[in-house]
Amino acid sequence: MRVVLDTNIIVSALIVMAGKPAAAVDLWLDGRFTLLTCSAQVDELRSILRKPRVAELIKPYKAGRLVNQIRRLAEEVEPARVERSPDPTDDFLLGLSESGRADYLVTGD
């Protein structure tokens, strides 16, 4: 199974270790599905994790470890160019899902 996790799901997994987002990340780390990502998502994740409000909720080593795991273990895909999302900053997720032939796109929206 091939899955795209919205960046907000990944950040939420780091903030609340017992919620559904954390369960999704744990399933990926347990090898239950292939996580699809792209450089735009990794850049977005890093940017969000640096925001003071977010950074005070997440220990730096946990954030760094997960970013490194994503870079090392996820399948990097070049997203197709699409313009279909009501939030244009999320178009890359739709393009990533399309190019990577994702079975699921998991988002909090």
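Colleague: What makes S1 and S4 a pair of strands?

Modeller: In this predicted model, S1 and S4 are joined in the parallel sense over 3 bridges.

Colleague: Why are S3 and S4 said to stand at the edges?

Modeller: The sheet is open and has 4 strands, in the order S3-S2-S1-S4, with parallel pairing. Strand S3 (75-76) and strand S4 (104-106) each have a single partner strand, so one side of each lacks a neighbour in the sheet.

Colleague: Why is the contact of Glu75 with Arg2 called a salt bridge?

Modeller: The closest N and O atoms of Glu75 and Arg2 are 2.9 Å apart. The cut-off is 4 Å, therefore the pair qualifies as a salt bridge. The two residues belong to distant parts of the chain, with Glu75 in strand S3 and Arg2 in strand S1, 73 residues apart. A search of the whole structure finds 1 salt bridge.

Colleague: Why is Gln41 called buried?

Modeller: Gln41 has a relative accessible area of 3%; the limit is 20%, so Gln41 counts as buried. This residue lies in helix H3. Leaving aside neighbours within four places in sequence, Gln41 is in contact with residues including Leu5, Asp6, Ile10, Phe92 and Leu96.

Colleague: Which residues touch the most other members of the largest nonpolar core?

Modeller: They are Leu5, Trp28, Leu49 and Ile70, out of 23 residues in that core. Strand S1 (2-5) and the helices H1 (7-15), H2 (20-29), H3 (39-50) and H5 (60-73) each supply at least two of its residues. The largest share, 5 residues, comes from H1. Another core, of 7 residues, lies apart from this one and has Leu36, Cys38, Val77 and Leu93 among its members.

Colleague: What does Ile70 touch, beyond residues up to four places away in sequence?

Modeller: Ile70 touches Ile10, Trp28, Leu35, Thr37, Val42 and Leu45. In soluble globular proteins, nonpolar side chains tend to be buried together.

Technical notes:
Residues are numbered from 1 along each chain as its sequence is written. This is a predicted model: local features need pLDDT of at least 70, side-chain atom pairs count only at pLDDT 80 or more; totals for chains, interfaces and linings use all residues. Side-chain values use heavy atoms; hydrogens and water are left out. A nonpolar core is a set of buried Ala, Val, Leu, Ile, Met, Phe, Trp, Tyr and Cys residues joined through side-chain atoms within 4.5 Å. Buried means under 20% relative accessible area, exposed over 50%, partly exposed in between (1.4 Å probe, protein chains only). Contact means heavy atoms within 4.5 Å. Two strands pair if DSSP finds at least two bridges between them. A salt bridge is a side-chain nitrogen of Lys or Arg within 4 Å of a carboxyl oxygen of Asp or Glu.
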